[in-house]
Amino acid sequence: MKETVRIEREGAVAVLTVDRPEKRNALNAAVRRELIAALDELRGDAEVRVLVLTGAGEKAFVAGADIGEFAERTPLEQRAAMTGRRVFDEIAAYPKPVIAMIHGLALGGGCELALACDLRIAADTAKLGQPEINLGIIPGGGGTQRLPRVVGTGQAMRLVLTGEIIDAAEALRIGLVDLLHPAAELRARTLELARTMAAKSPVALQMAKSAVRAAAEMPLAAGLAYETELFATCFASEDKREGVAAFLEKRPAEFRGS
Ligand code: COA
């Protein structure tokens, strides 16, 4: 039984909702643990091909790490809390696409959670930022590393060093979010995009995610070699046989994920 994370299955798409609206969905130990458990539960579920991550209530996607947990922590205790499996890395390395669906506030660890996802889709009312500097700390969920890779060093410096919270239009302009929708349409439009992905080959989705992610981590020559390997690996799949056959036979492909 999960108390802070809900899983809803909508066909081949699973929506994971951080469900602590009274605390603006702040990431405490329970949320982190239950998010990892939810990812584990859905990893081997062949029915689920794409995940959408969001927060409950109107006000926040996730308003950050639970600041209450920081109050009495020593450096050693904080380091211990950050060892082992970390939800940000689990999402980044997840074999299925994970889409952040952001309404309201995505601050601190919430912004980092969104940054770990493969795509960020926001309501036009959303606000994002890394306000840790106001607490006398820095982002610790990958923000200093993933944010510059997404928006560039200058914009990342500005956000991390000032703690400024930006609106959705500006987040779109600097590339922190990828798509904006009117708040009332956010869920429908996000699920529509998720379903479009979910109709593709799960094998190809996994390879494609891995290859695109490698672009941020590998030198160009190594990344190109990695792409070549994954491309060739796709030729071992039934889905490749089906996709090519369906094209040649002028019919829609039915991908089974093998
Ligand atoms: N950690 C722990 N509790 C949090 C939280 C966080 N990151 N963000 C919000 N909460 C709690 C508040 O303490 C409050 O709890 P209470 O009702 O027991 O007092 C509750 O959520 C509602 O917050 P409130 O500030 O009353 O709501 P709001 O809608 O007016 O403001 C925020 C929302 C997010 C702007 C504001 O709560 C805030 O600035 N939070 C901290 C954001 C932050 O610095 N995140 C980075 C952390 S590293």
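Q: Which residues are linked in a network of salt bridges?
A: Side chains of opposite charge can pair when their charged atoms come close. A salt bridge here is a side-chain nitrogen of Lys or Arg within 4 Å of a carboxyl oxygen of Asp or Glu. Arg6, Glu8, Glu10, Asp19 and Arg187 are linked in such a network. The structure holds 24 salt bridges.

Q: What kind of model is this, and how are residues numbered?
A: This is a predicted model: local features need pLDDT of at least 70, side-chain atom pairs count only at pLDDT 80 or more, and totals for chains, interfaces and linings use all residues. Residues are numbered from 1 along each chain as its sequence is written, and side-chain values use heavy atoms, with hydrogens and water left out.

Q: Which parts of the chain does the pair Arg9 and Glu41 link?
A: Elements first: helices (H or I, at least four residues) and strands (E, at least two) are DSSP runs, numbered from the N terminus. Arg9 forms a salt bridge with Glu41, with the closest N and O atoms 4.0 Å apart. This pair links distant parts of the chain: Arg9 sits in strand β1 (residues 5-10) and Glu41 in helix α1 (residues 29-43), 32 residues apart.

Q: Does Arg9 count as buried, exposed or partly exposed, and where does that leave Glu41?
A: Buried means under 20% relative accessible area, exposed over 50%, partly exposed in between (1.4 Å probe, protein chains only). Arg9 is partly exposed at 45% relative accessibility. Glu41 is partly exposed at 40%.

Q: How many residues apart are Glu170 and Arg173 in helix α7?
A: An α-helix has 3.6 residues a turn, so residues three or four places apart point the same way. Glu170 and Arg173 are three residues apart in helix α7 (residues 168-174), so about one helical turn separates them. Their salt bridge has its closest N and O atoms 3.3 Å apart. Glu170 is buried at 18% relative accessible area, whereas Arg173 is exposed at 58%.

Q: Which residues of helix α4 are buried?
A: They are Gly109, Gly110, Cys111, Glu112, Leu113, Ala114, Leu115 and Ala116. Eight of the eight residues of α4 (residues 109-116) are buried, so this helix is largely enclosed by the rest of the structure.
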